[in-house]
Amino acid sequence: MLYKIKTEVKKAFVENKSAVIASAFILFISLILGFVFAPSLHSYLNPVVEDLTNKVETGVVQLTFQDIFINNIMIVLQMFIYGLFFCISALILAFNGFFVGYYTAISPNILQSIILILPHGIFEFTSCILACASGFILFNFVYMLFKTFLKEKERKFIDRLFYSYEVNFDKLMQAFIILLIASILMVIAGLIEVYLTIPIGKFLISAIG
């Protein structure tokens, strides 16, 4: 059973390597652009930063594991579901990349900001990359489903539908496998952000001096 799960996970990543690479590229580029073009993005993203800061200060948003996890898992699920519309998953990922890049650029101490993002960010960014990739894979499944359906003209409507689903089921399963891994990584990111990021960050900052 464990071997079969391992095989399916490996297959999901191997067969959808391009989707994962594309998602990683989108996040990386958006992070860089958000940082470099922070002054140009100020009028668009600063209201988001101020709104989030205000909600944290007033207690509307509390930095508990539950709040952080719910917020982050919603982003993961949005990127997966909006994969049905292909580019929307990429736009959500890119916006988050722009935001983090911008937020880092406007921080009083950029190095400290990076240090306080990295402990949980490694897992959170990886989760977002995989979530976006799962959205791409879901889109591919829907595309292949219709393509196969239209190709099998000699079959009856219901038969064509079931046949198309069976032929392309592996792609749907792979989308869910990668989504599940993205969700697990987001749980880990949330736990680290709540319980470990500050202690690790303070240690590294004091070590650097």
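**Contacts of Ser183.** Ser183 touches Ile73, Val76 and Ser127, leaving aside residues up to four places away in sequence; contact means heavy atoms within 4.5 Å. The model is predicted, and local features need pLDDT of at least 70, side-chain atom pairs count only at pLDDT 80 or more, while totals for chains, interfaces and linings use all residues. Residues are numbered from 1 along each chain as its sequence is written, and side-chain values use heavy atoms, with hydrogens and water left out. Ser183 lies in helix α7; helices (H or I, at least four residues) and strands (E, at least two) are DSSP runs, numbered from the N terminus. At 17% relative accessibility, Ser183 counts as buried. Buried means under 20% relative accessible area, exposed means over 50%, and partly exposed lies in between (1.4 Å probe, protein chains only).

**The chain and its helices.** The secondary structure of the chain comes to 8 helices and 0 strands. From the N terminus on, the elements read α-α-α-α-α-α-α-α. Along the principal axes, the C-alpha atoms fill a box of roughly 70 × 40 × 30 Å. The chain has 209 residues, and 36% of them are buried. Among contacts between residues at least 6 apart in sequence, 81% join residues at least 24 apart.

**The largest nonpolar core.** This core has 32 residues, and Val76, Met79, Leu93, Leu130, Leu138 and Met186 touch the most other members. Helices α2, α4, α5, α6 and α7 each supply at least two residues of this core. Helix α6 gives the most, with 11 residues. A nonpolar core is a set of buried Ala, Val, Leu, Ile, Met, Phe, Trp, Tyr and Cys residues joined through side-chain atoms within 4.5 Å.

**Surroundings of Leu93.** Not counting residues up to four places away in sequence, Leu93 touches Ser23, Ile26, Leu27, Ser30, Met79, Cys128, Ile129 and Cys132.

The structure holds 6 aromatic pairs. Rings of Phe, Tyr and Trp (its six-membered ring) pair if their centres lie within 6.5 Å; planes under 30 degrees apart count as stacked, over 60 as edge-to-face and the rest as tilted. The pair of Phe80 and Phe176 is tilted because the ring centres are 5.2 Å apart and the planes stand at 55°. Phe80 lies in helix α4 and Phe176 in helix α7, so the pair ties together parts that are 96 residues apart in sequence. Phe80 counts as buried, at 6% relative accessibility, whereas Phe176, at 45%, counts as partly exposed.

**The pair of Phe141 and Tyr165.** These two form an edge-to-face aromatic pair, with 6.5 Å from centre to centre and 85° between the planes. Phe141 is in helix α6 and Tyr165 in helix α7, 24 residues apart, and the pair links distant parts of the chain. Phe141 has 7% relative accessibility and counts as buried. Tyr165 has 36% and counts as partly exposed. Phe141, Tyr165 and Phe169 form one aromatic cluster.

**The largest pocket.** About 1,600 Å³ of space lies in this pocket. On a 1 Å grid over the protein atoms alone, a cavity is a set of points where a 1.4 Å probe fits but cannot get out, and a pocket is an open set with protein on both sides within 12 Å along at least five of seven lines; lining residues have an atom within 4 Å of a point. Grid points are joined across faces, edges and corners, and a volume is the space filled by probe spheres set on the points. The largest pocket is lined by 44 residues, of which Leu52, Leu63, Asn71, Phe99 and Glu193 lie nearest its centre. Helix α6 gives the most to this lining, with 9 residues. By class, the lining of the largest pocket has 25 nonpolar, 14 polar and 5 charged residues. Ala, Val, Leu, Ile, Met, Phe, Trp, Tyr, Cys and Pro count as nonpolar, Asp, Glu, Lys and Arg as charged, and the others, Gly among them, as polar.

**The second largest pocket.** The volume here is about 190 Å³. The lining consists of Leu31, Ile32, Phe35, Val100, Gly101, Thr104, Ile114, Ile117, Leu118 and Phe125. Helices α2 (17-36), α5 and α6 each supply at least two residues of this lining, and α6 gives the most, with 4 residues. The lining of the second largest pocket divides into 8 nonpolar, 2 polar and no charged residues.
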